[in-house]
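Colleague: Could you take me through this structure, please? I would like to go through it step by step.
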Amino acid sequence: MEAAHAHDDSHDHAPSGLMRYVTTTNHKDIGTMYLWFSFTMFLVGGVMALTIRAELFQPGLQLVRPEFFNTMTTLHGLVMVFGAIMPAFVGFANWQIPLMIGAPDMAFPRMNNWSFWLLPPAAILLVGSLFAPGGGPGAGWTLYAPLTVQQGMGMDLTIFAIHILGMSSIMGSINIVTTILNMRAPGMTLMKMPLFVWTWLITAYLLIAVMPVLAGAVTMTLTDRHFGTHFFNPAGGGDPVMFQHIFWFFGHPEVYIIAIPAFGVVSQVLPAFSRKPLFGYPSMVYATASIAILSFLVWAHHMYTVGMPVEAQLYYMFATMLIAVPTGVKVFNWVATMWKGSLTFETPMLFAIGFLFLFTLGGFTGLVLSVVPVDVQLHDTYYVVAHFHYVMVAGALFSAFAGVYFWLPKWIGKMYDEKLGKIHFWLSIVFFNVAFFPQHFLGLAGMPRRIPDYSLQFVDFNMISSIGAFGFGLSQVFFLYVLLKAIKYGEKAPQRPWEGADTLEWTHLPSPAPYHSFEKAPQVK
């Protein structure tokens, strides 16, 4: 009997140390790896952004050559979008979706492992392109033809990296869709799922639809570069504007691939700290789905200046304005959730409210840019840079911070230092606005983006913007300190960390219990 027992033990031996993470099929381990990877890439992309802002602190060429400056703008965009923000939300999805729907793990655990381990090689290729002969990719993160044909080998590495990142996204998305549709606990219908799960279901469909489009665009770029095709070369009958159409057919839904999971995180955090169910749950689901569908119909609003017919401009203008409607529904519902709630302002709530204010502002400047005659004036100016950083940083990043602070006690079993978390929030929101708000004025005054040098009228706002950028960057190093302190020295998290001694219980409220109160297991009808 004892011999048989010993034999069983040898079979149960799981790898430890590094091999545990290399071979893991556990959704929590994989979620953790995604989050650490994304934070690492966030710091790498941040250093690139600070290189840009340091150069722009004063007019004239100080630190870097113009070619290197262009490479920095290209890689900053690609690293932040594909290396930092998207993997962060996939990390949230891996951690939270099985827990929220009552599944034992993701549907395809080994594919889950593979979709993570494709990321580090892709990141090495992307950052390594800086050191390639002929320099890194200097075509801007949108990789417009014909600029991409004139670049050195760094562009090939970048194209390869984008292919691998796309494979990872598609595999992760198939996994998420299958998990949500097939592995929900008995009794959890689609309209009873937490909103975070809904947002990821919709996002995963978007990813599966548009990542192959990006792959097609960069593959055509690759064959134009090396195999004598002329997809984007007018001399051979190609059309550089076609690249823009293909790219933005991916690029516009991509904005929502980043924003929609952020909506999901905020829709979990706001009700928790308002001590109230989310207002208008069904309308939130329908609004999110309609945003996703409309995102496929408006891509050419990025291209008003290419000389498209007036009728097309009008269509894209009105279709773009239409997206403001479901977005307005969501903002209304978030505000209505907080209305007359029993609010407390812990760090996750602060970041969620910061998201609400600043994302709404970013959406509003997007509405301004949807108007054709306005956009023709502001196209490729710093106004556009300000707009999408309000959407990406204040939108995606702030909600990611809210999610990390909100779920950290669940993940590590320890509490972070609330005081330090609040300091991180106030540093971030103040420096973010110092960095990006002045860029609206730079754009309105006509300063073009992606230039290393500028005329003297733009000096003051650029100086303020650069100071804000460095402050914001240092605030994120402080965030790393908050995290490490919580992991090493944090107090043990209570059973229900977000319930102070004096807060209201759900049961004390006049409104009904939320759809997904996990106090008791869902009953099968």
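Predicted model: local features only at pLDDT ≥ 70, side-chain atom pairs only at ≥ 80, totals over all residues.

Colleague: How many aromatic pairs does the structure hold?

Modeller: The structure holds 50 aromatic pairs. For the rings of F39 and F42, the centres are 6.0 Å apart and the planes are at 45°, so this pair is tilted.

Colleague: Where do F39 and F42 lie?

Modeller: Both lie in helix α3, which covers residues 27-55. They are 3 residues apart, about one turn of the helix.

Colleague: Is F39 buried or exposed?

Modeller: F39 is buried, and F42 is buried as well.

Colleague: Turning to α6, which of its residues are buried?

Modeller: In helix α6 (residues 119-128), the buried residues are L119, A122, A123, L125 and L126. Viewed down the axis of α6, they fall within an arc of 160°, so they line one face of the helix.

Colleague: What covers the buried residues of α6?

Modeller: The cover includes α3, α4 (66-101), α5 (109-117) and α7 (153-182).

Colleague: What span should α7 have, at 1.5 Å a residue?

Modeller: The 30 residues of α7 should span 44 Å, and the C-alpha atoms at its ends are 44 Å apart, which agrees. In α7, 22 of the 30 residues are buried, so this helix is largely enclosed by the rest of the structure.

Colleague: At what angle do α4 and α14 pack?

Modeller: The angle between α4 and helix α14 (residues 382-412) is about 35°, and their axes are 11 Å apart. The crossing of these two helices, α4 and α14, is left-handed.

Colleague: Which residues of α4 and α14 meet?

Modeller: On the α4 side, the residues include F89, F92 and W95. On the α14 side, H389, A396 and W407 are among them.

Colleague: Now the loops: where is T142 found?

Modeller: T142 is in the loop between α6 and α7. Its relative accessibility is 3%, so T142 counts as buried.

Colleague: Which residues is T142 in contact with, leaving aside its neighbours within four places in sequence?

Modeller: With those neighbours left aside, T142 is in contact with F243, F247, W248 and R450.

Colleague: And what about S455, where is its place?

Modeller: S455 is in the loop between α15 (418-444) and α16 (459-489). With a relative accessibility of 35%, S455 counts as partly exposed.

Colleague: What separates the C-alpha atoms of S455 and G46?

Modeller: The separation is 26 Å, while S455 and G46 are 409 residues apart along the chain.

Note on methods. Residues numbered from 1 in each chain as written. Heavy atoms only, no water. Phe/Tyr/Trp six-rings, centres within 6.5 Å; stacked < 30°, edge-to-face > 60°. Helix = DSSP H or I, 4+ residues; strand = E, 2+ residues; numbered from the N terminus. Buried < 20%, exposed > 50% of the residue type's maximum accessible area, 1.4 Å probe, protein only. Arc of directions from axis to C-beta. Contact = heavy atoms within 4.5 Å. Expected span 1.5 Å × (residues − 1). Axes fitted to C-alpha atoms, helices over the stretch in contact; angles between N-to-C directions. Left-handed = near helix turned anticlockwise from the far one by under 90°.
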